[in-house]
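Me: I'm new to this structure, and I'd like a close look at one part of it. Could you walk me through the place where the two chains meet?

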Amino acid sequence: MSSALQNLIDQPYKHGFHTDIASDVVAKGLSEAVIRTISAKKGEPEWLLAFRLEAYRHWLTMTEPAWPNVHYPKIDFQDISYYSAPKTKKKLASMNEVDPELLRTFEKLGVPMHEQKALAGVAVDVIFDSVSVTTTYKHKLAEVGVIFCSFSEAVKEHPDLVRKYLGTVVPTTDNFYAALNSAVFTDGSFCYIPKGVRCPMELSTYFRINTQESGQFERTLIIAEDSSHVSYLEGCTAPQFDTNQLHAAVVELVALDNAEIKYSTVQNWYAGDANGVGGIYNFVTKRGLCRGVNSKISWTQVETGSAITWKYPSCILQGDNSTGEFYSVALTNHKQQADTGTKMIHLGRNTRSRIVSKGISAGHSSNSYRGLVQVGPRAEGARNYSQCDSMLIGDRSAAHTFPYIRAQNSSAKIEHEATTSKIGEDQLFYFASRGIDAEQAVSMIINGFVKDVFTQLPMEFAVEASKLLGLKLEGSVG
Amino acid sequence: MIRAGAPVLLEVRDLRAKVSGIEILKGMNLTIRAGEIHAIMGPNGSGKSTFAKVLSGHPDYTVTAGTTLLDGKSIFELPPEERARAGLFLGFQYPVEIPGVANAQFLRLTYNTIQGAHGKDELDPLEFDDFVREKMKLLEMDPAFLDRSVNEGFSGGEKKRNEILQMALLEPKLAFLDETDSGLDIDALRIVAGGVNTLANANNAVVLVTHYQRLLNYIIPDYVHVMEGGRILKTGGKDLALELESRGYDWVAAAVAS
């Protein structure tokens, strides 16, 4: 590979700083006592502690999944701290009481915490290590009945809703990391959209891991009642450490009759350095349940960070005529590894799903798409369309596709298309011979490649995502 | 059109170049003045395409000796994109496909880049659309080509028309067309040649690399050069091409040797 192409993909990580802030960290290790400590610190009700302990006991019987196409040293789960929170004197009543050091951190990251400075029409919940720091526009949303708050707050203020839905989409026993999360999760976001309400603004959560030796285990629960609509955005960054941090989140979405949830992620956790030292292990379970008729859940993800990504945002299409969508751009560089995709489980009649996956592999990275399309015996008239495209930059990266199709109903229509392409010297020379430098050329090729996914992102996010891909791939050309 | 006092656009002196350690160009000399059309002919492996790639700065080729001035300025210090901005154009023998990038977007970026380099106004997408459609008429191209990915799934003839379309947009000082006639049927050849003739004027120059005299029936060259073994062995007028067509290349080398 030419030095021009190499320089282009060797851009430094811009969010790698660490904030020096007093934290309340629980000693490393995991045991029932640690879980009781976390639960006590958060002042949780008994039923939630029971939920955690049940998950923990099951987790002890489970082993890490070995099937993903990723390789890393065995994780010592006793060498991780399961709780880290910036120290605050008391519960915050307004933004003015937020630690100025935290405010500066998020300003540096470009996350608006002051409502007056915020992007018009985007409410933000900010998670720093294990806890939610602030949520903007909460009162404005409350006027239309939308609940948007941190998970801890929801447990206190809306315990019945949380108890009714928690673990109904991703059970505590679902998989190794979901069980771990259920045992130790510390905070996250909660959204509830009442019947018939179209959420008046985009809801957004910004996740930041700051502490070197803590894991981040957040939990997100979104419930859309009949005929409601919500668009939710999620962004993530972490400082640069030479050790690996574990991030094991669980996201559960529930869409009732005629409801629609659109969930967008721009993931930019620290990816490790060029030699693969450091970076986040991003082992995440995201699943949406289209419980009602005509409901719709749409996932859009732009995955650019993390040393390892293991993530399959999925849809269970239970309601008749429900629709699931998955739009993904996954970019890996250097020694990053990604095994990501989706599961579309068709249970109801005339259910539809659409998968558009775009993988970009550069450097020595490995990028795998893994997807399951399953049609149950009752799912008369189910349809799926999948498109999986891979792009290779340079000649030392790898792209893999693992599509699984299981159809138990003969009326199912399932289509799968896949392509692999490569940004080669010849393409860059062609651009150059027309006056266009390598940086612009790569940007144009990549933007063309991801177009079908980016058009699914809300406007503000599309701009951010485009810039992020730019940062990852553009720069000084040698 | 040969004019004794016309400014020199390209001056190649004793040029040597290699690829993968093997010397391909072994002392090229060539002078091209404004208003001239040159044809370079010669057997396979004589170095014609290498010459085109070396001039335009392909990274696989290394210049080991000699000089080349474009419009009086040395070009070998410049990366390929700056050579293009300085007025050099290479029409590719095999234009590469660029999936996902719309032809219209690509053509506008290259047009605006070259315009910007010359301190001229750039065009927004709507203005450019009108502009490029006008140019496409010259090559009898369907405007549907604007919406397709660059060269993707184009037939050989369509790719070559797309090359000449870019020449029409960029208005280079020196256009080096590498086997633009290969893969063209007789109608496409007529259209492409017509386009080149329309674009050639007193201020620019065109170099045609070709195997066949056929193209030179449509574009009449002022000079015909015979290349062999990495240098120009013989230079003549348009009649030399006819002679090559009937007698082959061997006699040229023999005549030089004797």
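Reply: Let's start with the polar side of things. Between chain A and chain B, 9 residue pairs are in polar contact across the interface, both residues being at pLDDT 80 or more. A polar contact here is a pair of N or O atoms within 3.5 Å; within protein, one must be able to donate a hydrogen and the other to accept it, and residues adjacent in sequence count only if both atoms are side-chain atoms.

Before going on, a word on what you're looking at. This is a predicted model, where local features need pLDDT of at least 70 and side-chain atom pairs count only at pLDDT 80 or more, while totals for chains, interfaces and linings use all residues. Residues are numbered from 1 along each chain as its sequence is written, chains are lettered from A and ligands numbered from 1 in the order in which they are written, and side-chain values use heavy atoms, with hydrogens and water left out.

Back to the interface: the rule also finds 1 salt bridge there, meaning a side-chain nitrogen of Lys or Arg within 4 Å of a carboxyl oxygen of Asp or Glu. The side chains of A:Arg434 and B:Glu163 meet in a salt bridge, at 2.7 Å from N to O.

Which parts of chain A do the touching? Helix H9 (425-432) and helix H10 (438-454) of chain A each bring at least two residues to the side that touches chain B. H9(A) gives the most, with 7 residues. (Helices are DSSP runs of H or I with at least four residues, numbered from the N terminus.) Sorted by class, that side of chain A has 7 nonpolar, 5 polar and 5 charged residues. Ala, Val, Leu, Ile, Met, Phe, Trp, Tyr, Cys and Pro count as nonpolar, Asp, Glu, Lys and Arg as charged, and the others, Gly among them, as polar.

Now for the overall tally. 17 residues of chain A are in contact with 31 residues of chain B, contact being heavy atoms within 4.5 Å. Together the two chains bury about 2000 Å², with 68% of it on carbon and sulfur atoms. On the chain A side, A:Phe429, A:Tyr430 and A:Arg434 lose the most area to chain B, together 39% of what that side buries. Buried area, by the way, is the accessible area (1.4 Å probe) that two parts lose on being put together, summed over both.
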